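Here's a walk through a model, taken one region at a time. Have the viewer open and follow along.

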Amino acid sequence: MIENAQLSRGGRMKRLQLHSRGEFWVAYIVLGAFGLVTLFPLFIMVAVSLIPSKGLAAALFDLWPKHARLANYLSMWHYLPIAHFLLNSIIIALGSTLLALLVGIPAGFALSRTKVFGRRIWLFVFLATQMFSPAMIIVSAYHVMSLLHLTDTYFGLILLDSGFYCLPFVVWIIAGFMRQIPQELEEAVDIDGASSWRKLWTIFTPISAPVIAVAGVYAFISSWNDFAFALTLATSQSLMPLPIGVYSFIGEYNIQWNYLMGASLVASIPVLVLFLVLQRRLTAGIMAGTLK
Amino acid sequence: MVAVLVRWGVRGVKRRQGRIITRHVGILYLLPAIILIGLTVGYPIVHIVEMAFGNVNTFGTIMGSNGFQNFSGLWESGFPVVIRNTVIWTLGILIPTVLLSLTMAYSLSLPIRLQPFFRTISIVPWAIPLTIVAIWGSMAFNALYGQVDTVLLDLHLISHRIGWLAYGKTSLPVMILIGIWVSVPFTTLTLLGGIQAIPRDVIEASSIDGARGFSRFSRIVLPLITNSVQLVVLINLAYIFNSFPIIWVMTEGGPAYASATVTTFVYQLAFTDGQFGYAGAAALLAFIVLIGVALGYVALYRKTEGGLL
């Protein structure tokens with residue numbers, strides 16, 4: 001680990017010894033530049049979200065509105081049904097996550113702790129599905145969903161999001177972790193004669209809880225960020241998740257960018273918070289499940 | 001329901017065979033997942049193959065076989081341009097992303113000031129839904145009032161507003177820049193993980209030997225994180241190739257196919273043009289490429305970790 005080399009007083013000298021001044025210059029310039037580039041869109045989003053609707057078109061030319069109107073964050077909920085879109089997002093993302101966990105925990109268990117038929121093939125299948133594009137899969141998945149009469153339903157979207165975005169990841173993460181649980185633990189319970197079903201829910205699942213939580217959060221975020229499936233399957237506004245809902249207002253003649261940017265910020269905040277709270281764990285989880 | 005079945009199955013088999021049970025019961029645990037993935041990915045892929053070789057009407061109904069006509073038809077409907085765009089798009093994002101992320105990951109591994117701040121700000125683009133990023137992009141690069149032009153005008157870098165998204169020549173580079181911006185966080189964090197796994201002694205020993213700055217980075221650090229680099233190259237390759245929302249929201253691949261990649265092209269063929277046969281053919285070709293990426297990933301996994309596969 002290249003963490004702080006210095007220890008209290010003599011630190012500065014040692015740090016200079018270990019890393020050259022040039023390295024630090026490059027670091028500050030590159031990180032600073034990326035930081036500026038990252039803050040710019042956020043700044044513009046906030047600035048536009050505060051423009052009053054009256055005179056919106058002219059005010060778009062200013063980088064910061066002359067009359068910032070915080071009340072936009074109240075009136076935008078009437079202009080577009082944000083609350084409804086938000087609820088849709090939550091229902092779909094939560095539903096997909098729960099379904100993926102319910103189905104994925106036993107699957108991860110089977111693929112790591114049993115000699116199930118075709119184990120490696122199944123693992124490869126789950127991995128390979130992650131390599132495909134949702135925008136291409138939906139071309140024929142739409143056909144499957146219409147055969148099942150599931151277009152324009154929550155359940156159809158939950159099925160697709162869960163199977164495509166959430167399940168492969170959940171299975172791999174959980175299988176990767178459960179594999180490392182020591183054999184002795186399982187044998188100890190074998191003596192008690194516990195069935196594998198009981199072992200799964202009373203031993204393996206509780207031990208894996210932190211990893212399952214990470215997999216769940218990641219599944220939630222993937223489903224929340226879906227575009228292609230909802231764009232195609234949710235033809236009526238009553239079913240649209242928030243990002244698609246905001247997108248559906250872009251085609252309008254007079255685009256109310258102030259409200260759309262406000263809604264965009266609302267759509268970004270949940271994921272941003274999840275990411276910031278769990279940033280270390282998320283990467284650790286990804287590493288544990290896939291590669292070291 | 002499934003749970004009851006499984007439990008019942010476990011008991012039934014167990015009574016008869018004792019401890020070998022798990023071997024057979026495993027498939028019951030796996031079955032719900034297989035059904036779900038079969039419904040959402042497995043059967044759709046079969047259907048794509050059917051469409052690729054089928055005579056499909058504009059409603060998506062297959063009316064018999066069509067041989068390789070869909071594939072040859074693809075070439076006459078703009079596919080060469082689309083392939084060129086896809087290569088530019090994929091490499092144009094992949095290479096700068098990896099180079100920038102290597103620099104950023106190494107920078108974040110140094111004992112710099114404000115490290116938590118820089119770390120956090122490096123994650124932000126990843127945390128904003130891609131759709132929202134793209135919606136922001138279509139506003140910020142708008143020909144009439146785009147804020148990017150406003151800034152560039154204020155800085156006297158351009159003399160008049162540019163309709164960035166009107167032509168493939170300008171819209172593709174703009175969208176590539178956005179693509180790099182959203183790809184950097186994941187790549188940086190993964191590489192940072194690789195760098196932090198290098199034992200401290202190695203770095204200290206290298207500085208005693210006089211390796212410093214860029215020479216240490218290229219001769220000591222880089223060879224030790226080859227696996228992480230290969231990993232991010234493969235994952236990004238698939239992500240970027242498959243990327244859809246940025247292009248679809250900002251230009252829909254247009255005008256004509258000037259900014260279309262294979263992914264947006266397939267979607268457009270199917271849902272805008274009603275050309276499901278062509279869409280199937282193009283998607284099938286893409287899948288073959290992506291299977292190659294998946295196999296590369298498996299090879300890498302076996303080489304480094306290899307526990308499961």
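Where is the place of V81(B)? Look in helix 4 of chain B; helices here are DSSP runs of H or I with at least four residues, strands are E runs of at least two, and both are numbered from the N terminus. Before going on, some housekeeping: this is a predicted model, where local features need pLDDT of at least 70 and side-chain atom pairs count only at pLDDT 80 or more, while totals for chains, interfaces and linings use all residues. Residues are numbered from 1 along each chain as its sequence is written, chains are lettered from A and ligands numbered from 1 in the order in which they are written, and side-chain values use heavy atoms, with hydrogens and water left out.

Back to V81(B), which is partly exposed at 38% relative accessibility (buried is under 20% relative accessible area, exposed is over 50%, partly exposed is in between, with a 1.4 Å probe and protein chains only). In sequence, V81(B) and A258(B) are 177 residues apart, yet their C-alpha atoms sit 7.3 Å from each other.

L91(B) lies in helix 4 of chain B too, and is partly exposed with a relative accessible area of 41%. Together with W75(B), I83(B), V87(B), I95(B) and L99(B), L91(B) forms a nonpolar patch on the surface, with about 560 Å² of accessible area in all. Patch members have over 30% relative accessible area and no salt bridge; like charges are joined within 9 Å, and nonpolar side chains (Val, Leu, Ile, Met, Phe, Trp, Tyr) within 5 Å. A salt bridge puts a side-chain nitrogen of Lys or Arg within 4 Å of a carboxyl oxygen of Asp or Glu, and the areas are Shrake-Rupley values with a 1.4 Å probe, where for residues only the protein chains shown count as cover. Helix 4 (residues 79-109) supplies the largest share of the patch, five residues.

Helix 6 (residues 130-140) of chain B is another story: ten of its eleven residues are buried, so the rest of the structure largely encloses it. Among the buried ones are W136(B) and M139(B).

Now for the rings. The structure holds 37 aromatic pairs over all chains, meaning Phe, Tyr and Trp rings (six-membered ring for Trp) with centres within 6.5 Å; planes under 30 degrees apart are stacked, over 60 edge-to-face, the rest tilted. F132(A) and F287(B) make a tilted pair, 4.3 Å centre to centre with 40 degrees between the planes. F132(A) is in the loop between helix 6 (119-129) and helix 7 (134-147) of chain A and F287(B) is in helix 14 (residues 276-304) of chain B, so this pair joins two chains. Both F132(A) and F287(B) are buried.
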